[in-house]
Amino acid sequence: MKNIFAKIAAIAATSAAFSVAIAAANNPAQAIELNFNWLGDAGYSATGSFSYDETTAPTIISESGSGATNFLQSLNVSFLDPSKNLLGTYNTVAGGVSESDFFKFNFDTSTQTLFGPFDIAGGTGVIGEYYFQGTVGDSLFLRQDIDQQSAFRTLDQNSGSIRVSKVPEPASLLGLLAFAALGVSSSLKKKQASC
C-alpha cells in the first residue's frame, strides 16, 4: 500500500514538473500583470490590475487619452463602498486601447510604482459612472459623474497612496506545486524506508 502512495506522489511530481516545462516553452515571459489597491479615508476602495509587455516596455510607461496605448495592454478597476458592495467595474484599457479621453497613467517599471497624474475608469460622459483621479503621492479621489455638464461628487479621497503588487505567473505556481509534490514523494519514500 505504501508503494502505491510513493508511486502516485512520484507520478504527480513528474507530471507537475513536465507541466511547468511545457508552460514555459509555450508561454514565454512577456506579459507582466500587476495588481493595485487603494483605500480612501472614508472606507471606499479601488482594486484592479494592469498589464504590459515587459520585453518592449521602457522604464517609464506614460499613457494618456483615448485610442491605442503605447505599452499598456490592459487596465481594469472595481470600486467598492465602505461595506464592500460593488459600485462599478471598468475596463479602462482593453486590447491596448483606451476608451477614455481623460485617461492618465504613469508607471515606473524598474521600481514597480505608479506616480504622477492618474485618471482611470469612467470618462465616457455617462451619468452615474465612477472614476478615480488625482496625483499619486499627493491626493487621489473617487468621484461619480452626476450630470452631463461635468459636475461630479467626491465620494472619498486619500493622501495619494496606492499599493502595487506583482501577480504570480502560472508557471511559478506550477513550479511550487511540483516542488511540493517532490517533497511529498521524498517524505513518503523516507517513511517507507524506515518501516
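Biologist: What makes the charged end of Arg143 count as sitting over the ring of Phe141?

Modeller: The charged end of Arg143 is 4.2 Å from the centre of the Phe141 ring. A charge sits over a ring if NZ of Lys or CZ of Arg is within 6 Å of the ring centre and within 35 degrees of the ring normal. This is a predicted model, where local features need pLDDT of at least 70, side-chain atom pairs count only at pLDDT 80 or more, and totals for chains, interfaces and linings use all residues. Residues are numbered from 1 along each chain as its sequence is written, and side-chain values use heavy atoms, leaving out hydrogens and water.

Biologist: Why is Phe50 called buried?

Modeller: Its relative accessibility is 0%, and buried means under 20% relative accessible area, with over 50% exposed and partly exposed in between (1.4 Å probe, protein chains only). Phe105, at 1%, is therefore buried too.

Biologist: What makes the pair of Phe50 and Phe105 edge-to-face?

Modeller: Their centres lie 5.0 Å apart with 70° between the planes. Rings of Phe, Tyr and Trp (its six-membered ring) pair if their centres lie within 6.5 Å; planes under 30 degrees apart count as stacked, over 60 as edge-to-face and the rest as tilted. So 70° makes this pair edge-to-face.

Biologist: Why is the pair of Phe105 and Phe118 called tilted?

Modeller: Because the planes of Phe105 and Phe118 stand at 40°, with centres 6.5 Å apart, the pair is tilted. Phe50, Phe105 and Phe118 are among the members of one aromatic cluster.
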